[in-house]
Amino acid sequence: MARSALPQTEVLVTAECWQAEPEAEAVIHRAIEAAAEIADADTGDAELAVMLTDDRGIRTLNGNWRGIDKPTNVLSFPALQPVGDVSDDMPRMLGDIAIAYETTRREADEEDKPFDHHLSHLAVHGFLHLVGYDHEKDDDAEAMEALEREILARLGIPDPYAGSGSG
């Protein structure tokens, strides 16, 4: 199988707390590349942005976009795709992913997982949402989790759902 073109990924650090994880940007890039190689989605010539924020920032996003007034670990915002004639020199946007440091750190510590493994999982999870996967129905959740497991295994990361019952 020919390797598909990988999306361009821009990582934006908007919260100082991420300075505690100097490898975060490289972890995100590896996770997105692995997900793009395995997921059945057209990601060539596409772009996405990953915002590394804090709990306050993601709480604001969660409240504004989902009506939930609390922080979460990751949010995905798939881009609306233009209709009609689109210039060939315009990049195709997949969307945006936001990841909160404190929640990610707390979950990794509570689950006794390396921070970079959990961060990789959240980046993969967010990316899969951008390319159309969801977990609203049980069958969809099982398919998405299976794909996450496959992608993370390629990165040498153990099954994030082992022992948890679900995602």
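Contact, as I use the word in these entries, means heavy atoms within 4.5 Å. I take helices (H or I, at least four residues) and strands (E, at least two) as DSSP runs, numbered from the N terminus. Axes are lines fitted to C-alpha atoms, for helices over the stretch in contact, and angles run from 0 to 180 degrees between N-to-C directions.

**Entry 1: source.** I worked on a predicted model, in which local features need pLDDT of at least 70 and side-chain atom pairs count only at pLDDT 80 or more, while totals for chains, interfaces and linings use all residues. Residues are numbered from 1 along each chain as its sequence is written, and side-chain values use heavy atoms, with hydrogens and water left out.

**Entry 2: the sheet.** I looked up the strand order and found an open sheet of 4 strands, β1-β2-β4-β3, with mixed pairing. The edges are held by β1 (8–13) and β3 (74–78); each has a single partner strand, so one side of each lacks a neighbour in the sheet. On average, neighbouring strands are turned by 15° against each other, direction ignored. I counted two strands as paired if DSSP finds at least two bridges between them.

I then went through the pairings of β4. Strands β2 and β4 run parallel and are joined by 8 bridges; A46 has R92 as its bridge partner in β4. Strand β3 runs antiparallel to β4 (residues 92–100), with 5 bridges between them. Within β4, I97 is opposite S76, and A98 is opposite L75.

**Entry 3: helices on the sheet.** Helix α3 (residues 101–110) lies across β2 and β4 and runs at about 65° to β4.

**Entry 4: helix α1.** I checked the span of α1 (residues 24–38): its 15 residues reach 21 Å from first C-alpha to last, close to the 21 Å expected at 1.5 Å a residue. The expected span is 1.5 Å times one less than the number of residues. I call a residue buried under 20% relative accessible area, exposed over 50% and partly exposed in between (1.4 Å probe, protein chains only). In α1 the buried residues are A24, V27, I28, A31, I32, A34, A35, A36 and I38. Their cover includes β1, β2, β4, α4 (115–130) and α5 (138–154).

**Entry 5: α1 against α4.** The axes of α1 and α4 come within 9 Å and cross at roughly 45°. That makes α1 oblique to α4; angles under 35 degrees count as roughly parallel, over 145 as roughly antiparallel, 65 to 115 as roughly perpendicular and the rest as oblique. From α1, the contact is made by A24, V27, I28, A31, I32, A35 and A36, and from α4 by D116, L119, S120, A123, V124 and F127.

**Entry 6: single residues.** Is T9 buried or exposed? I found T9, in strand β1, to be buried at 17% relative accessibility. Leaving out residues up to four places away in sequence, T9 touches H29, I32, L48 and V50.

H121, in helix α4, is also buried, at 9% relative accessibility.

Last, I looked at D112, in the loop between α3 and α4. Its phi is near 55°, a positive value in a residue other than glycine. Most residues other than glycine have a negative phi. D112 is exposed, with a relative accessible area of 72%.
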